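Subject: Handover of a structure for your review

Dear colleague,

Please find below the structure that I am passing on to you.

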Amino acid sequence: MFVVINELFVADADTPVFERNFGASMHGTLAGVPGLLRARLLGPRDDDRAYLSILEFADEDAYARFLTSDAFAAAHRWPGHAPIRSNRLTTYTTVTEVGGK
């Protein structure tokens, strides 16, 4: 599995708009993306922490295809739709995993 985590730093005053618009963008653009296993937006419980956008792909090739897809372009085409002060993107590969039932 190939995991992409984007830390999204949002001003406190912008959180309602960010959550509404970023969530809507995820639902509107990510459904049916080939190789995308799961997408989540996690909200911070502590002050001065970032939101985490977590995308889990079957493999790195699926992620590479996503970067050149219409879905990726659509998710990033509305300027200001989700007010983000800054972000930090990191990619990971799964080393070990334990699943629950």
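Which residues of α2 are buried? Please note, before the reply, that the model is predicted. The buried residues of this helix are Ala-62, Tyr-63 and Phe-66. Viewed down the axis of α2, they fall within an arc of 100 degrees, so they line one face of the helix. An α-helix has 3.6 residues a turn, so residues three or four places apart point the same way. On the other side of α2, Glu-60 and Asp-61 are exposed. The cover over the buried residues of α2 includes β1, β3, α3 and β4. At the start of the helix, a side-chain oxygen of Asp-59 comes to within 3.2 Å of the backbone nitrogen of Asp-61.

Not counting residues up to four places away in sequence, Ala-62 touches Pro-34, Gly-35 and Phe-57. Ala-62 and Met-1 stand 61 residues apart in sequence, and their C-alpha atoms are 10.0 Å apart in space.

Phe-2 is part of strand β1. With a relative accessible area of 5%, Phe-2 is buried. If neighbours within four places in sequence are left aside, the residues in contact with Phe-2 are Leu-55, Glu-56, Phe-57, Ala-58, Asp-59, Glu-60, Tyr-63, Thr-91, Tyr-92 and Thr-93. Among these contacts is Tyr-63, itself one of the buried residues of α2. Between the C-alpha atoms of Phe-2 and Gly-35, which are 33 residues apart along the chain, the separation is 9.9 Å.

Ser-53 is found in strand β3. Is Ser-53 buried or exposed? Its relative accessible area is 8%, so Ser-53 is buried. With neighbours within four places in sequence again set aside, Ser-53 is in contact with Val-4, Ile-5, Asn-6, Leu-8, Phe-22, Arg-40 and Leu-41.

Which elements supply the lining of the largest pocket? At least two residues each come from β1 (2-9), α1 (15-29), β3 (51-57), α2 (60-67), α3 (70-75) and β4 (86-93). The most is given by α1, with four residues. By type, the lining of the largest pocket has 15 nonpolar residues, eight polar residues and no charged residues.

The second largest pocket has a volume of about 240 Å³. Its lining consists of Phe-9, Val-10, Asp-12, Thr-15, Pro-44, Arg-45, Asp-46, Asp-47, Asp-48, Arg-49, Tyr-51 and Arg-85. How do these residues divide, and how many are charged? Seven are charged, four are nonpolar and one is polar. The lining of the largest pocket, by contrast, includes no charged residues.

Yours sincerely

How values were computed: Residues are numbered from 1 along each chain as its sequence is written. This is a predicted model: local features need pLDDT of at least 70, side-chain atom pairs count only at pLDDT 80 or more; totals for chains, interfaces and linings use all residues. Side-chain values use heavy atoms; hydrogens and water are left out. Ala, Val, Leu, Ile, Met, Phe, Trp, Tyr, Cys and Pro count as nonpolar, Asp, Glu, Lys and Arg as charged, and the others, Gly among them, as polar. On a 1 Å grid over the protein atoms alone, a cavity is a set of points where a 1.4 Å probe fits but cannot get out, and a pocket is an open set with protein on both sides within 12 Å along at least five of seven lines; lining residues have an atom within 4 Å of a point. Grid points are joined across faces, edges and corners, and a volume is the space filled by probe spheres set on the points. Buried means under 20% relative accessible area, exposed over 50%, partly exposed in between (1.4 Å probe, protein chains only). Contact means heavy atoms within 4.5 Å. The arc is that of the directions from the helix axis to the C-beta atoms. A polar contact is a pair of N or O atoms within 3.5 Å; within protein, one must be able to donate a hydrogen and the other to accept it, and residues adjacent in sequence count only if both atoms are side-chain atoms.
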